Amino acid sequence: MTETTPTSETELPDESTVQTLYDRMRGPMLHATDEGYDEARSLWNGMFEKHPSIVAKCRGAADVMAAVDFAREHDLLLAIKGGGHSLAGKSVCDDGLLIDLSPMDDVRVDPDSQTARVGPGATWGDFDHEAQAFGLATTGGVDSRTGVAGLTLGGGIGYLARSYGLATDNLLSVDLVTAEGELVHTSEDVHPELFWGIRGGGGNFGIVTSFEFELHEVGPEILTAQVFHHIDDVRRVLEFYQEFMTDAPDEVACYATITRVPTESAFPEAYHNEPAVALVGAYSGAIDDGRPLLAPIAQFGDPLLAAVEPMAYTALQQGDDDGFPDGERYYQKAHFLETITDAVIDVIVEHTETLPGPYSGALFEPMGGAINEVDPTATAYPHRNAGFSFSITGGWSDPDRDEEIMGWVREFFDDLASHATGGVYTNYLAHDEDDRVDSAYRENHERLVNLKNEWDPENLFRLNSNVEPASGGGQ
């Protein structure tokens with residue numbers, strides 16, 4: 001099945017009215033018959049086949065302001081697309097107006113102040129390319145095609161998070177277009193409550209047109225560990241993983257993933273495409289200091305492949321790209337876990353002996369360190385006491401397999417629920433999980449609703465947000 005969103009309640013204004021938006025835009029406006037329209041409406045997740053009436057390709061804050069004004073004045077369904085990953089498909093709509101921020105992909109690094117200003121259309125690949133020219137980085141996602149905007153506004157987990165905090169913890173300021181079409185600047189000192197809300201609250205309050213990040217000295221090479229074990233060893237590997245991460249210093253991040261063995265010559269051919277459990281670790285400090293800390297990952301058990309070696313930081317950040325091709329069908333559900341208990345492992349073993357779909361798998365992301373040193377109410381992201389994020393992803397090509405593979409994800413998720421914290425990472429909410437919004441924001445939810453009432457009481461940004469204003473807002 002192909003997922004859709006509700007259509008706009010009002011028809012597109014007549015041509016002369018639409019022309020008034022054309023006149024205010026520097027970037028191009030696209031209709032269904034225009035070249036570039038299909039590319040603009042497409043997302044990484046091919047589950048979502050949607051057709052906006054107009055695509056406004058914005059080149060700057062003035063374009064965004066004009067497009068927001070137009071959508072508000074004519075009661076149009078509004079979607080906002082940044083980097084375009086959009087796991088839950090919220091970045092495009094049927095009918096209505098799509099604000100496409102992809103032209104705003106500039107990244108400007110100041111190596112002296114170790115800060116960067118980043119446009120909302122940039123991906124983490126764009127970000128890392130510029131920052132690594134100066135041996136600098138901040139916490140970013142583990143797929144270089146992920147948008148900086150979406151990942152950061154929801155929190156932002158990555159290999160550097162235990163060392164330097166979430167992506168959102170490294171935000172210094174943003175410029176944001178509000179539902180009234182006004183451009184505001186916000187930081188700890190300017191509109192501090194709004195700044196609190198955007199750090200983990202997602203796209204609830206406006207459209208960010210510029211991010212300012214703090215950077216850290218990382219790279220251009222970073223020490224990594226890459227180890228693959230046969231799926232039959234998943235129990236022993238996860239027991240080791242839990243013990244290893246319990247004592248790991250903050251500079252160490254090790255991910256455990258259940259995936260398929262790549263079809264590469266480094267792996268025995270007999271295991272190509274077979275399920276496996278992999279440990280991928282990174283050390284954010286000096287390479288020689290990290291060798292004894294990552295060595296146990298490679299020395300454990302009888303792996304199919306084991307390597308501890310320096311790698312370009314940009315290559316590490318691109319490590320997941322090939323495993324999740326553009327345009328395939330993806331469905332994900334996730335939990336937070338305090339620890340990896342025997343009962344948790346029992347559930348994982350039961351559901352991963354076979355993986356339905358060529359891109360399906362499961363992933364542990366380690367929390368702790370700098371992530372958990374922040375008070376749960378200091379930003380809108382509340383999950384500061386979790387040990388791990390655990391996500392279950394179905395990835396496939398054939399729409400006829402939708403029910404089968406989505407069913408596998410849901411059953412796996414349900415069987416693990418009693419062992420989880422009850423929370424969920426905002427960025428991992430699936431398109432059909434509106435009932436989990438409280439679980440995403442927990443003790444911060446009411447405060448976010450109050451912010452929504454102040455900044456978007458009519459819920460103009462309803463497609464790209466999770467929080468509803470107390471009044472219910474626009475429908």
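Here are some questions and answers on helix packing, cysteines and a few loop residues.

Tutor: Before we start, this is a predicted model: local features need pLDDT of at least 70, side-chain atom pairs count only at pLDDT 80 or more, and totals for chains, interfaces and linings use all residues. Residues are numbered from 1 along each chain as its sequence is written, and side-chain values use heavy atoms, with hydrogens and water left out.

Student: At what angle do H8 and H11 pack?

Tutor: Helices (H or I, at least four residues) and strands (E, at least two) are DSSP runs, numbered from the N terminus. Axes are lines fitted to C-alpha atoms, for helices over the stretch in contact, and angles run from 0 to 180 degrees between N-to-C directions. For H8 (residues 234–247) and H11 (residues 342–352), the axes are 10 Å apart and the angle is about 145 degrees.

Student: Which residues of H11 make the contact with H8?

Tutor: Contact means heavy atoms within 4.5 Å. H8 brings Val-234, Arg-235, Leu-238 and Glu-239 to it. On the H11 side, the residues are Asp-342, Ile-345, Asp-346, Ile-348 and Val-349.

Student: How many residues in the contact of H8 with H11 are charged?

Tutor: Ala, Val, Leu, Ile, Met, Phe, Trp, Tyr, Cys and Pro count as nonpolar, Asp, Glu, Lys and Arg as charged, and the others, Gly among them, as polar. This contact has five nonpolar residues and no polar ones, and the number of charged residues is four.

Student: Is H11 roughly parallel or antiparallel to H12?

Tutor: The axes of H11 and H12 (residues 402–416) come within 9 Å and cross at roughly 165 degrees. Angles under 35 degrees count as roughly parallel, over 145 as roughly antiparallel, 65 to 115 as roughly perpendicular and the rest as oblique. So H11 is, relative to H12, roughly antiparallel.

Student: Which residues of H12 meet H11?

Tutor: H11 puts in Val-344, Val-347, Ile-348, Glu-350, His-351 and Thr-352. Their partners in H12 are Trp-408, Glu-411, Phe-412, Asp-415 and Leu-416.

Student: How many disulfides are there?

Tutor: A disulfide is counted for a pair of cysteine sulfur atoms within 2.5 Å. The sulfur of Cys-58 has its closest cysteine sulfur in Cys-93, and 13 Å is too far for a bond. By this rule the count is zero.

Student: Is Cys-93 buried or exposed?

Tutor: Buried means under 20% relative accessible area, exposed over 50%, partly exposed in between (1.4 Å probe, protein chains only). Cys-58 is at 0%, so it counts as buried. Cys-93 has 0% relative accessibility, so its class is buried.

Student: Which residue does a cis peptide bond join to Gly-219?

Tutor: Omega at this bond is about 10 degrees.

Student: What is the phi of His-191?

Tutor: His-191 lies in the loop between E9 (183–187) and H7 (192–198), and is partly exposed at 35% relative accessible area. His-191 is not a glycine, although its phi is positive, at about 50 degrees.

Student: Which residues does Phe-324 touch?

Tutor: Phe-324 lies in the loop between H10 (313–317) and E16 (329–337), where it is partly exposed, with a relative accessible area of 24%. Not counting residues up to four places away in sequence, its contacts are Trp-44, Arg-145, Tyr-330, Tyr-359 and Thr-393.
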